[in-house]
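Let's take a walk through this structure together. Have a look at it first, and then we can go through what was computed from it.

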Amino acid sequence: MKISIKGIGVLGGFGCGIAELEEALNAGKSSVSTVVIKTTAGDIDVPAFLANADMLESFVDKRNLRRIDHYTRMALLGCYLALEDADMLDVDRGHMGIVVATGYGATCNTFDLQHSVITEADPFCSPTQFSNSVHNVAATQISILLKELGPNLSVSHYDMSITSAFSSACQWLQEERVETVLVGGVDEFCKILGYFWHCLYNAGNEKVDFAGKKSPEHAIIGEGANFFVLTREKEAASPYGFIEAVRMGNFERKGINLPENAAFFIGADGYSGCDDKYESFLSEKAKVASYSHLYGGIPVGMGFDIAIAALGNKAGTVFKSAESPIYNQGRLDVIEHDEDLGSKRICCLKLGAGGSFGWIGLNRSNF
Amino acid sequence: MKPVKPVAIAGIGCICSAGLILKDCIDFLYKGERHPAPPVNFSTRLTFPVFEILEDFFPSDLIKKTNLLRTCKLALTATLEAISDAELDRKILENKRVGVCIGTNVGSSMNNEAFCLDDGDGRDPFISPVKRFLISNPTSSIAAEFGTTGPLQTVVNACSSGSDALGLAASWIRSGICDVVIAGGADEMYQITYTGFKSLLINDDSPCKPFDINRKGLNLGEGAAIFILVSEEILKERKKDPRAYILGYGSASDAYHHTKTRPDGKGLKVAIQEAMETSKMVPSDIAFINAHGTGTLDNDLVESCVLNEIFPGVPFFSTKGYTGHTLGAAGAIEAAFTIACLEQGMVPANVGFTTPDPKMPPAYPVQQNSTINGNTALSETLAFGGNNSVLVLSTGEHPA
């Protein structure tokens, strides 16, 4: 496989763009917001890594953003940042495909819509709200604003959404269906997810700071978007490196074959119920890192790990990890300080519900 | 676009309001019957007719986990038929590289009426419905039931999801990622989409009339169709001819509007071109076209113009008058009907069409059951978001 990453666009609790992601990596933390949700028992405070998509107005005229909600704005901004990073904003992008992954879709809008339809006496909903609740709304808006007539795919498979999206993106490039693919993920915070978090993890309404969180079970909800420009590559070198392999399967039924000579970026974020299982698939003293302390618990979080891996390829560095989400650290070699990447590849690994797994391997070299 | 290898279809299962198995569905179509009625599976004061499955269809004695969303039950029911049709041992599904690729709308949305009702009544809602949403969709249900270990993908491309899932699954076979793929689409009738389509003013308050001058919109439906795609190796092991082939697939965006069809049909034309080029077919190879034909003003006008331009004289029809628009399942259900029609050598009348629309080209849909010549046909779907997907399907001999 000779598919390279040409551009990266990210936004999340850490900020907006790769420079702010790198700053957060260096600082080892992102800022946590608190969202107040009303319940019959009183207000509850829910911590969340929230994303600000205001920068989108530097790419798209305000008038064209009037009916576009926060979910789609995040996706759009991720795309524009990725295209800008790839220096492809104003050039002919050729025949481009679009693949958008989401775990939950436009949750704020969807829950509001459901609420109005189910609880109102008169069955009515706003047509704009309905069309904005369709799961492919982000991909639609991206194709409209970018005027892209190529293949357009939306996938929604919870924690495996990113692997699934990258699998199709790479497939399209290998089949020469397209010359370029804009692929990535988006998910948003909503009060229902906040309430869900509260019920599962914080019934005592204690304020939880991620840096000092009590145990790996306590995750912080995240939101944001991560997008990438992928192309077929003839050159042996590419700054962000190459997508070497994309694999999906079921670890409960068939285990996982992981690549050798790799640093592993694990998707432990406190949510999946799988955080304590990663260790059993990694060899003794495997190099391992987790970065969910920067972006939070979010189904498409693996996209941020891919961005961090690509930045690491460019810098020749493996960035320091958070410690808290990694179980049985004594068996593993947790990357506590920035390290030289050397000849290692990076494997972003995610375990999910029902025993599903996905991993994406990145390599600095094309050989 | 480079030509691609045909991918064998070993078995098909289909369930919708026209029938609980594919044979019954196609017989129902040939009879020219249809029975749309206001919904009964959920409460609403609206009375737009829909095509619901009213029978107790789910074979709970054959399925391990039964506390599932209706969309998952539809998908599993069709999967059982497809596996039986393919004469595949369930053990093969556990031992080979088997992927699952399913298109859906509602199955991947938040079906949490109980949650909303609790919330609306001022109670703190119980989170079970949300939790169920977080772990349940038709792809995962099929993988869990049959113990598959390959890749999983849930396609949410609105109404073209089922066609796209089949096209993507064929790629998994061609590239060697999988030996077998369980692919298709599934969607249940649901209050949100029912009300949502009404808000867009594209529901017909009478049985829908695709391509007719008096068409007023669509009727919603529900169902699932599942295909078993197999590699050459599995085909040799089975020692049984495949039922049909996916010869080509194309998809393209309109880049135009969330819910309206692009007036010049450019996205659809690009998708057709890709499907024809990848399958190495020319228009004269196409025996008929199973059109999207929703019965909405815009869709049918654009689609008839594009078909007349690219495939002049090729018979076309819509089956949505018999099944309603089954959204994420539509592309798969109509692909199943396309193959069944090729096998029978006959296409059904485009029910609901009586009077031509002078705005459309003078090419009318099939008005009575008609015999066809040829073994290759097109199935096309258009979707919200401007997605256009086209499959080229064949029952002829196409050694891979």
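This is a predicted model: local features need pLDDT of at least 70, side-chain atom pairs count only at pLDDT 80 or more; totals for chains, interfaces and linings use all residues.

What does B:Lys96 pair up with in a salt bridge? The partner is B:Glu237, and the closest N and O atoms are 3.2 Å apart. B:Lys96 sits in the loop between helix H3 (90-95) and strand S3 (98-103) of chain B, while B:Glu237 belongs to helix H9 (residues 232-238) of chain B, so the pair ties together parts that are 141 residues apart in sequence. B:Glu237 itself has 44% relative accessibility and counts as partly exposed.

Another salt bridge in chain B links B:Arg215 and B:Asp300, with 3.9 Å between the closest N and O atoms. Here B:Arg215 lies in the loop between H8 and strand S6 (220-221) of chain B and B:Asp300 in helix H11 (residues 297-310) of chain B, so this pair ties together parts that are 85 residues apart in sequence. Are these two residues buried or exposed? B:Arg215 is buried, and B:Asp300 is buried too.

Chain B also has a network of salt bridges, which links B:Asp204, B:Asp205, B:Lys209 and B:Lys216. Over all chains, a search of the whole structure turns up 29 salt bridges.

Then there is a pair that reaches from one chain to the other: A:Glu176 and B:Lys2, at 3.7 Å between the closest N and O atoms. A:Glu176 lies in the loop between helix H6 (161-174) and strand S7 (180-187) of chain A, and B:Lys2 in the segment before strand S1 (7-16) of chain B, so the pair joins two chains. A:Glu176 is partly exposed at 41% relative accessibility, and B:Lys2 is partly exposed as well, with a relative accessible area of 44%.

| Residue | Partner | Closest N and O atoms |
|---|---|---|
| B:Glu237 | B:Lys96 | 3.2 Å |
| A:Glu176 | B:Lys2 | 3.7 Å |
| B:Arg215 | B:Asp300 | 3.9 Å |

## Where the chains meet

How many residues does each chain bring to the contact? Chain B brings 78 residues and chain A brings 63 residues. About 5800 Å² is buried between the two chains, and carbon and sulfur atoms give 60% of that area. Across this interface the rule finds two salt bridges, and the count of residue pairs in polar contact is 23, both residues being at pLDDT 80 or more.

On chain B, several elements give two or more residues to the side that touches chain A, among them helix H4 (113-120), helix H5 (128-135), strand S4 (152-155) and helix H10 (266-279). The largest share of that side, eight residues, comes from H8(B). Sorted by kind, the residues on this side of chain B are 32 nonpolar, 34 polar and twelve charged.

## Chain B as a whole

Chain B has 13 helices and 14 strands. Its radius of gyration is 20 Å, close to the 21 Å that the globule rule gives for 400 residues, so chain B is as compact as a globular protein of that length. The C-alpha atoms of chain B fill a box of roughly 60 × 50 × 40 Å along the principal axes. Buried residues make up 68% of the 400 residues in chain B. Of the contacts in chain B with a separation of 6 or more, 78% are between residues 24 or more positions apart.

Start with B:Asp254, in the loop between S8 and H10 of chain B. B:Asp254 is buried, at 3% relative accessibility. Leaving out residues up to four places away in sequence, B:Asp254 touches residues including A:Leu149, B:Thr261 and B:Asn388. B:Asp254 and B:Lys266 are twelve residues apart in sequence, and their C-alpha atoms are 6.6 Å apart in space.

Over in chain A, helix H7 (residues 191-201) has eight of its eleven residues buried, so this helix is largely enclosed by the rest of the structure. Among the buried residues of H7(A) are A:Ile192, A:Phe196 and A:Trp197.

Finally, find A:Thr72 in helix H2 (residues 70-85) of chain A. A:Thr72 is buried, with a relative accessible area of 2%. Beyond its neighbours within four places in sequence, A:Thr72 is in contact with A:Val137, A:Ala138 and A:Gln141.

Notes: Residues are numbered from 1 along each chain as its sequence is written. Chains are lettered from A and ligands numbered from 1 in the order in which they are written. Side-chain values use heavy atoms; hydrogens and water are left out. Contact means heavy atoms within 4.5 Å. Buried area is the accessible area (1.4 Å probe) that two parts lose on being put together, summed over both. A salt bridge is a side-chain nitrogen of Lys or Arg within 4 Å of a carboxyl oxygen of Asp or Glu. A polar contact is a pair of N or O atoms within 3.5 Å; within protein, one must be able to donate a hydrogen and the other to accept it, and residues adjacent in sequence count only if both atoms are side-chain atoms. Helices (H or I, at least four residues) and strands (E, at least two) are DSSP runs, numbered from the N terminus. Ala, Val, Leu, Ile, Met, Phe, Trp, Tyr, Cys and Pro count as nonpolar, Asp, Glu, Lys and Arg as charged, and the others, Gly among them, as polar. The radius of gyration is taken over C-alpha atoms; the globule rule is 2.2 Å times the number of residues to the power 0.38. Buried means under 20% relative accessible area, exposed over 50%, partly exposed in between (1.4 Å probe, protein chains only).
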